[in-house]
2 protein chains.
Amino acid sequence: MSQALESYIRWETDELVLLDQTLLPGEVKYIHLTDEHDVFEAIRALRVRGAPLIGVAAAYGLVLGMNRQNYATLDGFMTELKAKRDYLASARPTAVNLFWALDRMVDRVQMEARMMPEPSALKKALLDEALKIHQEDRETTFKIGEHGLSLLKDGYGVLTHCNTGKLATAGIGTAVAPIYLAKERGIHVKVFADETRPLLQGARLTAWELNDAGIDVTLITDSMAAVVLKQGWVNLVIVGADRIAQNGDTANKIGTYGLALLAHSHGIPFYVAAPRSTIDLQIKDGSGIVIEERGAHEVITCHGFEIAPKTVKVYNPAFDVTPHDLIAGIITEKGIVHPPYRENLQKIF
Amino acid sequence: MSQALESYIRWETDELVLLDQTLLPGEVKYIHLTDEHDVFEAIRALRVRGAPLIGVAAAYGLVLGMNRQNYATLDGFMTELKAKRDYLASARPTAVNLFWALDRMVDRVQMEARMMPEPSALKKALLDEALKIHQEDRETTFKIGEHGLSLLKDGYGVLTHCNTGKLATAGIGTAVAPIYLAKERGIHVKVFADETRPLLQGARLTAWELNDAGIDVTLITDSMAAVVLKQGWVNLVIVGADRIAQNGDTANKIGTYGLALLAHSHGIPFYVAAPRSTIDLQIKDGSGIVIEERGAHEVITCHGFEIAPKTVKVYNPAFDVTPHDLIAGIITEKGIVHPPYRENLQKIF
């Protein structure tokens, strides 16, 4: 596998090795996590981030935590497992993938314990499940990449927003997965990356990882997207998603909705790429998605410097909702879903 | 006059007093400039900025420079005047207003010298001309404010971009002039200020000066404008202009074009406010306006910190062009000009 497809997280016998994202883009440093406390700290301090990646890291954290000790009884093992599960789950209390992965690990042990109630066998099951979670996430991103790749041609320009890449998943990302595969297959794609204020995930992470993979990437401020589209440099826009409603309305990083409107104004197709787990068929439309508002300091300060008056009012929604009628297609691991979404999203479940 | 209408530059007997803009938004400090070197340094170091304000400061700089010495002959006076004119003109070699103001000062002296060739009289003429330039700029902004005010109603929301306020002119600005007058008249207007990446003039300057004047201002990142428009919080968008072509196409700070498209998508009127000196009837349309591209460091660093990889490619146009058909009206000191612009812009000259 070429360097372009290698991810920034790996399991090595009895340690989890991952890139410390808090040091990017200035410094590239891998950290070696050897127990559950290391993993807890890495998740809490955002050294590892991105919903799928947090889940994978936490699963390995449970493996590391349970491997450190020998257990005489099944009861002792189960008590300790649940304590460590709760501990790791508290590293980032709103990360859904974190709980999902940890609960899946505990479920697996409970199932195994009925057949083979030996702590040493259960430890093996834990590692097996963590590797599975990791592998499944990787495969999902490669499948999204393959489906998305069908939209790309040599010489195409693609504009993207926020970070949805190798730094956010255990594989090759979502919205940028097709770009990694294009690189692998020798198809030249020119990427424009929105810096994505206020937290600058596009500048710090997307620009860094695409550059690192040798992909042709140009960084722009969010306010430059309109001009880039007008110049005719972009054939399609692809973004990720935080939540997709039954009718295709999509919540994603703030700035996505405006970008979808600008793409529409210039007649450029706008795609969303996301795993099926992002689609919530319980939510009828975008009006049912609650948008988190975050603190003023994210907009007012930069590396501790005041870039706006401390006392000014700030409106800082973390996400926005793009209405389904601005979305040309939703790229999932099961294929590209086209409108009408209310009918077609159901078909992939 | 209420505090809201006071500007950040004033002439005091024999010194020029102005707010040091490089210290904003963290520190409010007025500096006292007493000779042409002080003024040169203030312009060069961007302590004073905004095209009209630079012109006013330079005119006073020439007054200060010539007042320091006594001249025995007219020849001696004229030689020194031209040397100091050239010196001040070199403070920012691309600022058109700087040359315009300095040349107007020299022209005035040359005219006076024909009637009254006495150095002491010419010094008085210089101060008189500087005060005139200052006063004319102030009046222009108040007239723009009055015309723009006719568009505002109590309770309105206005979105603006970049800095076009008291920190950019010797008066109350251009795009925000109507907002200052509304404040003065007790009409409540809620302002949303785009932070305006990459140089953050909206965050550092507009948010600061509106806050300072007690105006209701909310700071947003550029990427949040679409959501703010969608919420129905904005009744009109008003921006400034760097150059307006014969047909109304308008060059302004990067991000303006995208904002105009977003306003159009939401059915919200989009206005440009600018003095007539911004309108260039020699330029047929926007295609004739050359857009300056600036260095990557503006996008890559923030207060010296790397917010993106040092080696990444960056596209950093300083301006963009908004096509005339997205502009509801152009607010000038002679009134609001409506389409068709090719006909109607000529009428105000």
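Predicted model: local features only at pLDDT ≥ 70, side-chain atom pairs only at ≥ 80, totals over all residues.
User: Which residue has its backbone oxygen 3.2 Å from a polar atom of the side chain of A:Asn252?

Analyst: Residues are numbered from 1 along each chain as its sequence is written, chains are lettered from A and ligands numbered from 1 in the order in which they are written, and side-chain values use heavy atoms, without hydrogens and water. A polar contact is a pair of N or O atoms within 3.5 Å; within protein, one must be able to donate a hydrogen and the other to accept it, and residues adjacent in sequence count only if both atoms are side-chain atoms. The backbone oxygen that lies 3.2 Å from the side chain of A:Asn252 belongs to A:Gly240.

User: Is A:Asn252 buried or exposed?

Analyst: UniProt's unreviewed entry includes A:Asn252 in its "binding site" annotation; such positions are given in the numbering used here, feature names are shortened, and annotations may be inferred rather than shown by experiment. Buried means under 20% relative accessible area, exposed over 50%, and partly exposed in between (1.4 Å probe, protein chains only). With 4% relative accessibility, A:Asn252 is therefore buried.

User: And where does A:Gly50 lie?

Analyst: A:Gly50 is also among the "binding site" residues in that unreviewed UniProt entry. Its relative accessibility is 12%, so A:Gly50 counts as buried. Helices (H or I, at least four residues) and strands (E, at least two) are DSSP runs, numbered from the N terminus. On that basis, A:Gly50 lies in the loop between helix H1 (36-44) and helix H2 (51-67) of chain A.

User: Which residues is A:Asp242 in contact with, leaving aside its neighbours within four places in sequence?

Analyst: A:Asp242 is the residue that the unreviewed UniProt entry lists as "active site", and A:Asp242 sits in the loop between S7 and strand S8 (243-245) of chain A. With a relative accessible area of 40%, A:Asp242 is partly exposed. Contact means heavy atoms within 4.5 Å. The partners of A:Asp242 are A:Ala251, A:Asn252, A:Lys253, A:Thr278 and A:Phe319.

User: What angle does the direction of helix H9 of chain A make with that of S15(A)?

Analyst: Let's start from the open, mixed sheet of four strands, ordered S11-S8-S9-S15 in chain A; two strands pair if DSSP finds at least two bridges between them. Strand S9 (residues 250-253) and S15 of chain A run antiparallel and are joined by four bridges. Helix H9 (residues 256-265) packs on the sheet, touching S9 and S15. Axes are lines fitted to C-alpha atoms, for helices over the stretch in contact, and angles run from 0 to 180 degrees between N-to-C directions; the angle with S15(A) is about 35°.
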